[in-house]
Amino acid sequence: MKKLLPTSTAGSLPKPSWLAQPETLWSPWKLQGDELTEGKQDALRLALQAQQLAGIDIVSDGEQTRQHFVTTFIELLSGVDFEKRETVRIRDRYDASVPTVVGAVARTRPVFVEDARYLRQLTDEPIKWALPGPMTMIDTLYDSHYKSREKLAWEFAKILNQEARELEAAGVDIIQFDEPAFNVFFDEVNDWGVAALERAVEGLKCETAVHICYGYGIKANTDWKKTLGTQWRQYEEAFPKLQKSSIDIISLECHNSHVPMDLIELIRGKKVMVGAIDVANHTIETPEEVANTLRKALQFVDADKLYPCTNCGMAPLPRQVAQGKLSALSAGAEIVRREL
Ligand SMILES: [Zn+2]
């Protein structure tokens, strides 16, 4: 990026009420068949326009084509039985009924490649595409086949790499892997989590990012955050290994969170997507608040490597709140840009 402080979002944006129930995660589609295909494309265009109106520099599909950031990807793989469900504890935080891995997992066809092509033809701006990371994928499943989290993660990493290569060929500029699980399973992150992520980006020429956050503003997450104390030092566990990794960009939660900003120093040299918008409340930040968070981050990341962003996805927010937050992000970045 030539422009200083290019803005983007972590991923999801609210869906229109005619496509899925607003302010709800895992909300079922309201359309079916060809109508659903058309509806998703219409929603993608609206999400793109929302970002363009707000002046966001690196745009995305707003995850309009997926029901959930992990399960929609897994749905199209073979080896996973969605009828056979088991209750598991997700990220050590809340119980959910999840599908079961019953055989060797494989990608039988592209998952998001057509959607990415569609977005590409709508805009000349840089586009970012989010995929789930291997560790977060295994944490959203029950495994009765491999019986090893590491083995299953490795299989998913190979599958993600196939998808990522085709997304790159479709014209995606930045491929992002969402790994909120990196904030929970520290030993595994260092044993094989970062290695699996590097397997997923193997051979890519486009830029790659990993997004690590404290989650959407849902109750299970806000309850968990209350147990973390006054300083959230989780990033300290994964950062040293990520700093040495081949991943280009690290996407983080910063604004309104208890993450000590100086932890960013541990990834010096990497590009950093700094979360300057809180997605866990409905209050729209002022541009000055956004600018303040970015100024603090500038102590630990060089200006040409700072990418203003949101803390996480905004799918569960009301649409007008999300729109306001996008505009605040853009305006806040512009304040700091003028100071540089
Ligand atoms: Zn997130």
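Close-up 1. Not counting residues up to four places away in sequence, Ile-175 touches Trp-129, Leu-131, Ala-164, Leu-167, Glu-168, Leu-204, Cys-206 and Thr-208, where two residues are in contact if their C-beta atoms, placed from the backbone, lie within 7 Å. This is a predicted model, in which local features need pLDDT of at least 70 and side-chain atom pairs count only at pLDDT 80 or more, while totals for chains, interfaces and linings use all residues. Residues are numbered from 1 along each chain as its sequence is written. Ile-175 has its place in strand E5; helices (H or I, at least four residues) and strands (E, at least two) are DSSP runs, numbered from the N terminus. Ile-175 counts as buried because it has 26 C-beta neighbours inside 10 Å; a residue is buried if 20 or more other C-beta atoms lie within 10 Å of its own, exposed if 12 or fewer, and partly exposed in between, with C-beta atoms placed from the backbone. From C-alpha to C-alpha, Ile-175 and Val-201 are 8.7 Å apart in space, although 26 residues apart in sequence.

**Close-up 2. Glu-179 in the loop between strand E5 and helix H6.** Glu-179 lies in the loop that runs between strand E5 (174-178) and H6, and it counts as buried because 27 C-beta neighbours are found inside 10 Å. Leaving out residues up to four places away in sequence, Glu-179 touches Gly-133, Met-135, Thr-136, Leu-197, Val-210, His-211 and Ile-212. Asn-190 is eleven residues from Glu-179 in sequence and 13 Å from it in space, C-alpha to C-alpha.

**Close-up 3. Packing of helices H5 and H6.** Two packed helices are described by the angle between their axes and the distance between the axes. H5 and H6 pack at an angle of about 25°, with their axes 7 Å apart, and this angle makes H5 roughly parallel to H6. Axes are lines fitted to C-alpha atoms, for helices over the stretch in contact, and angles run from 0 to 180 degrees between N-to-C directions; angles under 35 degrees count as roughly parallel, over 145 as roughly antiparallel, 65 to 115 as roughly perpendicular and the rest as oblique. The crossing of H5 and H6 is right-handed, a crossing being left-handed if the near helix is turned anticlockwise from the far one by less than a right angle, and right-handed if clockwise. On the H5 side the contact is made by Arg-149, Glu-150, Ala-153, Trp-154, Ala-157, Lys-158, Leu-160, Asn-161 and Ala-164, and on the H6 side by Glu-188, Trp-192, Ala-196, Arg-199 and Ala-200. By class, the residues of the contact of H5 with H6 divide into eight nonpolar, one polar and five charged, where Ala, Val, Leu, Ile, Met, Phe, Trp, Tyr, Cys and Pro count as nonpolar, Asp, Glu, Lys and Arg as charged, and the others, Gly among them, as polar.

**Close-up 4. Packing of helices H6 and H8.** The axes of helix H6 (residues 186-200) and helix H8 (residues 235-243) come within 9 Å and cross at roughly 15°, which makes H6 roughly parallel to H8. The crossing of H6 and H8 is right-handed. Phe-186, Val-189, Asn-190 and Val-194 of H6 form the contact with Glu-237, Ala-238, Lys-241 and Leu-242 of H8.

**Close-up 5. Packing of helices H1 and H3.** Helix H1 (residues 33-54) and helix H3 (residues 113-122) have axes that come within 11 Å and cross at roughly 45°, which makes H1 oblique to H3. The crossing of H1 and H3 is right-handed. Gln-41, Leu-44, Arg-45 and Leu-48 of H1 make the contact with Asp-115, Tyr-118, Leu-119 and Leu-122 of H3, and by class the contact of H1 with H3 has five nonpolar, one polar and two charged residues.

**Close-up 6. The largest nonpolar core.** Of the 96 residues in this core, Trp-129, Phe-156, Val-172, Val-272, Val-274 and Leu-294 touch the most other members; a nonpolar core is a set of buried Ala, Val, Leu, Ile, Met, Phe, Trp, Tyr and Cys residues joined through C-beta atoms within 7 Å. Helix H5 (residues 149-169) gives the most to this core, with eight residues.
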